[in-house]
Amino acid sequence: MKTISLLGATGSIGTQTLDIFREHPEEYKLAAISVGKNIDLTRKIIAEFQPELVSVQTMADYNTLKAEFPMLKFTFGEEGLIEAAVYDKSDILVNAVLGSVGLNPTLQAIECGKTIAIANKETLVTAGHLVIEAAKKNNVALLPVDSEHSAIFQALQGEKEKNIERLILTASGGSFRDRTRSELEQVTVEEALNHPNWSMGAKITIDSATMMNKGLEVIEAHWLFSLGYEKIDVLLHKESIIHSMVEFHDTSVIAQLGTPDMRVPIQFALSYPDRLPLTTGNRLNLAQIGTLHFQEMDMERFRCLKFAYEAGKIGGTMPTVLNAANEAAVAAFLEGKIRFLQIEDLIEQALSAHQTTRHPSLSVIQEVDKETRQFVNSLL
Ligand code: NDP
Ligand code: MG
């Protein structure tokens with residue numbers, strides 16, 4: 001039996017990870033969780049899964065839950081995230097918290113030798129070099145949960161890195177795939193949150209609509225698979241059936257397909273190197289689907305994707321700025337403070353105001369992350 005620490009247990013990926021534990025109670029034991037502010041759901045998770053350690057975001061919730069569940073261990077805040085991540089009885093950290101707040105817990109869990117199943121892509125974007133270095137040094141496996149990266153990881157089983165010609169990440173196009181830039185001027189938060197294929201947390205749904213999600217995934221792929229940006233392509237594929245592909249130097253292409261269901265990549269990361277059944281999954285029926293569509297990415301239509309390639313190629317602290325500016329701008333959009341297209345304007349301004357620092361340490365990354373959020377908020 002594998003024991004798990006799950007950060008972000010109340011979120012979209014978190015709750016789907018719990019579904020996998022329900023499917024395979026004999027395989028997985030939930031030892032520690034972190035949650036944000038959804039305390040009602042936290043109570044249900046405690047009752048059903050009985051984790052030993054629970055980390056909440058605020059001290060007020062910490063005091064409330066401690067009084068309700070005197071037998072459990074509670075902790076809170078950013079320190080609490082780390083405590084849950086490094087919990088000594090856990091073998092695996094599933095990091096499904098949102099945003100670069102997930103960086104330090106990931107690094108600490110790696111230092112403790114935990115296997116990392118990573119959904120939290122902001123961690124890899126903001127400080128991929130630190131995470132990869134630490135994972136190599138501690139001989140820790142970093143298993144992708146993001147569906148595109150899981151697809152690539154699956155396609156690469158038994159293959160050699162030297163034979164890879166390029167990765168092809170597929171992109172659904174998000175909520176506004178078929179709208180022109182001028183039609184994007186007045187779109188609302190509700191429209192942006194209405195993703196055609198996937199049901200996900202609010203931030204990543206907006207990231208899909210701006211195409212920043214694919215930009216973050218390009219940088220995530222660069223780190224996970226140690227490939228240069230010239231070997232990472234993006235292809236628009238509106239059905240989200242092919243989750244991504246790898247082209248090899250003999251021109252052969254291996255793709256991973258399936259109905260859009262995040263439980264598949266979550267479960268693959270947890271069961272790796274084995275593959276478990278998913279009896280509640282929807283099997284793929286290609287005859288019923290009939291046709292799959294593909295289209296070249298338009299970098300001017302989806303400027304955030306272009307920014308991500310540029311920031312990734314510059315490297316150093318530039319991806320940290322890209323990520324922090326995006327987190328701040330998306331939060332402002334969700335709060336109704338800015339219009340949809342201002343998200344990319346704010347990111348562009350943050351990137352052009354920044355001078356990159358090469359090989360940044362953790363403290364430099366954290367400082368740049370904080371300054372960038374302040375810079376973006378000062379422009380609102
Ligand atoms: P959600 O917003 O649904 O969930 C985020 C989780 O993190 C919740 O448990 C939330 O707590 C918690 N949280 C948020 N902020 C903090 C904080 N400051 N401190 C502690 N906990 C916090 O996000 P998703 O599940 O959609 O995404 C999680 C990560 O997975 C992201 O990095 C995303 O990019 C990635 N991902 C998601 C996919 C998806 O299908 N959803 C697909 C691929 C990657 P609470 O709700 O209790 O406040
Ligand atoms: Mg993805």
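Author: Two residues are in contact if their C-beta atoms, placed from the backbone, lie within 7 Å.

Reader: OK. And what kind of model is this?

Author: This is a predicted model, where local features need pLDDT of at least 70, side-chain atom pairs count only at pLDDT 80 or more, and totals for chains, interfaces and linings use all residues. Residues are numbered from 1 along each chain as its sequence is written, while chains are lettered from A and ligands numbered from 1 in the order in which they are written.

Reader: How many helices and strands does the chain have?

Author: The chain has 16 helices and 12 strands. Those are DSSP runs numbered from the N terminus: H or I over at least four residues for helices, E over at least two for strands.

Reader: What's the radius of gyration, and what would a compact globule have?

Author: The chain has 20 Å, which agrees with the value near 21 Å for a compact globule, because that is what 380 residues would give. The radius is taken over C-alpha atoms, and the globule rule is 2.2 Å times the number of residues to the power 0.38. Along the principal axes, the C-alpha atoms fill a box of roughly 55 × 50 × 40 Å.

Reader: Sheets next. What's the strand order in the one with 7 strands?

Author: That open sheet runs β4-β3-β2-β1-β5-β6-β7, with parallel pairing. Its edge strands, each pairing on one side only, are β4 (73-76) and β7 (142-144). Two strands pair if DSSP finds at least two bridges between them. For example, β3 (residues 53-56) and β4 pair over 4 bridges, and Val 56 has Phe 76 in β4 as its bridge partner.

Reader: Which strands does helix α4 lie across?

Author: Helix α4 (residues 77-85) lies across β1 (2-7), β2 (28-34), β3, β4 and β5 (92-95), at about 150 degrees to β3. Helix α3 (residues 59-68) lies across β3 and β4, at about 170 degrees to β4. Axes are lines fitted to C-alpha atoms, for helices over the stretch in contact, and angles run from 0 to 180 degrees between N-to-C directions.

Reader: And the sheet of 5 strands, what's its order?

Author: It is an open sheet too, β11-β10-β8-β9-β12, with mixed pairing. Strands β11 (253-257) and β12 (295-296) are the edges. Strand β9 (residues 232-236) runs antiparallel to β12, joined by 2 bridges, and Leu 236 has Gln 295 as its bridge partner.

Reader: Switching to the core: which residues touch the most other members?

Author: In the largest nonpolar core, with 104 residues, they are Ala 117, Ala 308, Leu 322, Ala 325 and Ile 347. A nonpolar core here is a set of buried Ala, Val, Leu, Ile, Met, Phe, Trp, Tyr and Cys residues joined through C-beta atoms within 7 Å. Buried means 20 or more other C-beta atoms within 10 Å of a residue's own, exposed means 12 or fewer, and partly exposed is in between, with C-beta atoms placed from the backbone.

Reader: What does Ala 117 touch?

Author: Not counting residues up to four places away in sequence, its contacts include Ile 92, Val 94, Leu 143 and Ala 269.

Reader: How much of the chain is buried?

Author: Buried residues make up 47% of the 380 residues.
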